[in-house]
Structure formats: structure tokens, C-alpha cells
Amino acid sequence: MMQFLCALTGRAQEKPPLKLIATTPMPGFTGDFDHFGLDVKGNRLFLASEEQKTVEVFDLRTGERIKSIKGFGQPLTMTYLPESNRLIVADGGDTDAVELVDCKDYKIIKTLKMGPGVDHSAYNPVNGYFMLRNGGGPEGKTHVLTIIDTKSFTKVGEVAGLPGNSNEGMVIDRAGKKLYLNLTGTDEVGVIDLSTRQLVERWPLPDVHVAHAIALDEGNHRFIHRYAQTAPVPSVQYRYG
């Protein structure tokens, strides 16, 4: 079931900050949903449905499910590209590829094969590069960050030998110069210089294991992490710089 929320006007002490405005039933859907993609101008929300092997498309105004894009192995993270009306999708599972989707005809038009372990990604709007985690795997000691030019849909570089078998979540600063990622295999934050494509710093995360989502508060020099250690899932903050 999909639920859509909007902010209320008025004083917070008098009314709750969010109000449920629509619910979208999804009969027949089982298993896990993963990440979203957002088309603000076109009022569309894209959702990865892992078990159904589809990307579902919703109308943001009504909450209605308007399309189901098929042909994926295990859709995970994604970025919508408004200039070309296309969606770039990290496709894991047995596929281990990156898919380029035409969002006019709602179909996959190009595929780039990757190494095993395709999952998390981040998009750099400064240069149009899509950063993708792959390599590693359960027994791996290192993994890779592959760099894809979304305009030509080609691999243009990589950052190899990242410590640990995976990362769970990454974020790029507003200038497009540094990428920060959770190195879950070693319980660290890694800092990548995107101009040299090198891992330049490693910051330990004391007592934080299996960190997932990461957000960057540049104004206050803080990270916010969500990590899967206890239930409910907690979050922690760290100051940097």
C-alpha cells in the first residue's frame, strides 16, 4: 500500500505537521519495495518493486498507479533525468546491470552490465554522473564505485578497492566535489575526492554497525545516519570538518 502525505499550514502546536491525503491499494504485491525516483515537473513518482521485478509509476497529484515498467531483475536505486525524460535504474539480483528507461514509452532502452553486487547509487547533478556500487559480494574484501555518464550512458571511470564488501548509502556535496559513503564492511564513512577519483579519508563510526541511509547537513558540518542495529531503527549524528 502506498500512502501520500502533504504538509499542513498553520501553527504546529495546533495541528499535526502532516496529513494523509491519499492511499493507493496495491493488490497482489508482495515482498519488498526499495527506493524512489521523482519527476517533479511531470508529477510522477517511481518506485522499485523488487519481488515483482518492476518499477511502478504513480501520479503525485492523485496517488493513482498509472504504469508498471517491466523487464528488471531486481530494481533498487534510481535517478530521474528531466532533461531527457529518462530514468536510470540500478538493477541487482542476477541481472547486475544499469538500465536506462524511456519515460515516454515506459520501457528499458539500454542496458550496461556491471560486476556483482549492484545496489546503492548517487547522482551528481553538477556533471551528470551516476555513481554506482558494485563488486564485492558476501565473501568480498573490497568493492567498486562505478562512474557512469548519464548523457552518453557509458562507463567513464571507477573507484576500485574500496574497503569492505559493500556500502549502504552515499551522498554528494552541493559542489559536486566529494562523495561520502557508509562502508558497512568496516563501520566507517569513506570520503572520495571526485576530481581524482580516490578514497582520501576514512572516518570510524564507533558503535554503529550496518549503517544504511546517510544525509549531509553541510551548513552545520554534520552527517545523519540511519543504521540497522536495533528496532526501531535508530539514527545518529556526527560532526565533521
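Predicted model: local features only at pLDDT ≥ 70, side-chain atom pairs only at ≥ 80, totals over all residues.
Local features need pLDDT of at least 70, side-chain atom pairs count only at pLDDT 80 or more, and totals for chains, interfaces and linings use all residues. Residues are numbered from 1 along each chain as its sequence is written, and side-chain values use heavy atoms, without hydrogens and water.

Strands count as paired if DSSP finds at least two bridges between them. E4 (residues 44–49) and E5 (residues 54–59) pair over six bridges, in the antiparallel sense. Phe46 stands opposite Val57 in E5.

Thr79 lies in strand E7 (residues 75–81). Its relative accessibility is 13%, so Thr79 counts as buried (under 20% relative accessible area, 1.4 Å probe, protein chains only). Beyond neighbours within four places in sequence, Thr79 is in contact (heavy atoms within 4.5 Å) with Arg86, Leu87, Ile88, Tyr123 and Phe130.

A pocket is an open set of points on a 1 Å grid over the protein atoms alone, where a 1.4 Å probe fits, with protein on both sides within 12 Å along at least five of seven lines; lining residues have an atom within 4 Å of a point. The volume, the space filled by probe spheres set on the points, is about 350 Å³ for the largest pocket. Of its 17 lining residues, His35, Thr77, His120, Ser121 and Met170 are closest to the centre. The second largest pocket has a volume of about 180 Å³. Its lining includes Arg86 and Tyr123.

Terms used. Helix = DSSP H or I, 4+ residues; strand = E, 2+ residues; numbered from the N terminus. Buried < 20%, exposed > 50% of the residue type's maximum accessible area, 1.4 Å probe, protein only.
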